[in-house]
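Here is a short report for a first look at this structure. Keep the sequence and the 3D view at hand while reading.

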Amino acid sequence: MNDQANTAPGAPSGEAPASSRAGLWVGLAVTAFCIAVITYIAVTRPTGTSLADAENKAQVDLGRVTYQQHCMDCHGERLKGKPTWHRTIKSQNQAGTPLNADGVTWHLSDQRLFSAIATGVRVKGEKTKQIHDVPFAGTVSDDEIWALIAYFKTTWTARQLHSQQETTLREMGQAR
Ligand code: HEC
C-alpha cells in the first residue's frame, strides 16, 4: 500500500523519465511535419481564395457600386433580375436575369463569369451565347469585374458557393 504512494505521479523523482522526453520529441516532430504538409498543400493547390472574395468587404462594396452604375438598369435591384425576366425567357427581348441565388450564375466558374462580363459572350459547357450586345471590358476595369463577382457571391447559398468553387478549381486544374 505504501509502495504505491512512493511512486505516485508527481513524486519528486529528479529528471523526467527518458521515455517521456523521447515522446516529447516525437510529438514535436509530428507537429512540425504536419505543419510542413499543410503549408505544402496550401501553396501548391490552386487556392480556395478566389480573386472574387465574398468575405472581402471593400471588394464587395466596390462590386455593389459598379453594379448600380452599369448593371442594375437591366438586372434589377440587388441582383434580383427584372421583374419580367421569367416571361421573356428565350425571347429576343430577354430582360436581365437574376444574378443572385435565384439565377444560374453560380453554374459558371470564376474565369467564365469574368469572361462573360468582359466579352459579352457566355461559355457554358459546350454552349456559347452572346449575352450582352457590348463587352464591358474597357468600360469596367478588371478589378471591378472581380468585385462584381464577389458581390454576386454574397447572395449565393452555401451549397451554391461550394459547388461554384469546385467548378472553378476543376477548370483551373484542366487549364494547367
Ligand atoms: C442592356 C441590359 C443589360 C445590362 C446593362 C447588363 N446586362 Fe447582363 N444580361 C442581360 C440579359 C438580357 C442577360 C440574359 C442573356 C440571355 O441569357 O439570353 C444578361 C446576362 C448576364 C449574365 C449571364 C447570366 C447567367 O446566368 O448566365 C451575366 C453574368 C451578366 N449578365 C452580368 C452583367 C453585369 C455584371 C453587368 C454590368 C457590368 C450587366 N450584366 C449588364 C442584360 C444586361
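## Arg78, a residue in a loop

Arg78 is partly exposed, because 16 other C-beta atoms lie within 10 Å. Arg78 sits in the loop between α4 and α5. Its phi is positive, near 45°, although Arg78 is not a glycine. Most residues other than glycine have a negative phi.

Lys90 belongs to the loop between α4 and α5 as well. Its phi is near 65°, again a positive value in a residue other than glycine. Is Lys90 buried or exposed? Lys90 counts as exposed, because it has 5 C-beta neighbours inside 10 Å.

## The overall layout

The model is predicted. The protein has 7 helices and 2 strands. Along the sequence, their order is α-α-α-α-α-β-β-α-α.

The protein has 176 residues, and 22% of them count as buried. Now take the contacts between residues at least 6 apart in sequence. Of these, 55% join residues at least 24 apart.

## Around the ligand

Which residues come nearest to the ligand? They are His70, Cys71, Cys74, Gly96 and Ile131, out of 22 residues around the ligand. Two elements give two or more residues to this shell: α4 (72-75) and α5 (110-119).

## Helix α5 and its buried face

Four residues of α5 are buried: Asp110, Leu113, Ala116 and Ile117. Seen down the helix axis, these buried residues fall within an arc of 130°, so they line one face of α5. The general rule for such a helix is simple. An α-helix has 3.6 residues a turn, so residues three or four places apart point the same way.

What do the buried residues of α5 pack against? Their partners are β1 (121-124), α6 (142-153) and α7 (158-175). After α5 comes Gly120, with a positive phi near 85°.

## The nonpolar core

The largest nonpolar core contains 18 residues. Those with the most contacts inside it are Trp146, Leu148, Ile149, Ala150, Tyr151 and Phe152. At least two core residues come from each of α3, α5 and α6. Which element supplies the largest share? That is α6, with 8 residues.

Phe152 has contacts of its own to follow. Leaving out residues up to four places away in sequence, Phe152 touches Leu79, Leu99 and Thr105.

Glu55 lies in the loop between α2 (18-44) and α3 (57-70). Why does Glu55 count as exposed? Glu55 is exposed because 10 other C-beta atoms lie within 10 Å, and the limit for an exposed residue is 12 or fewer.

Glu55 and Thr154 are 99 residues apart in sequence, yet 8.0 Å apart in space, C-alpha to C-alpha.

Key:
Residues numbered from 1 in each chain as written. Predicted model: local features only at pLDDT ≥ 70, side-chain atom pairs only at ≥ 80, totals over all residues. Buried ≥ 20, exposed ≤ 12 C-beta atoms within 10 Å, placed from the backbone. Contact = placed C-beta atoms within 7 Å. Near = placed C-beta within 6 Å. Arc of directions from axis to C-beta. Core = buried A, V, L, I, M, F, W, Y, C linked by C-beta atoms within 7 Å.
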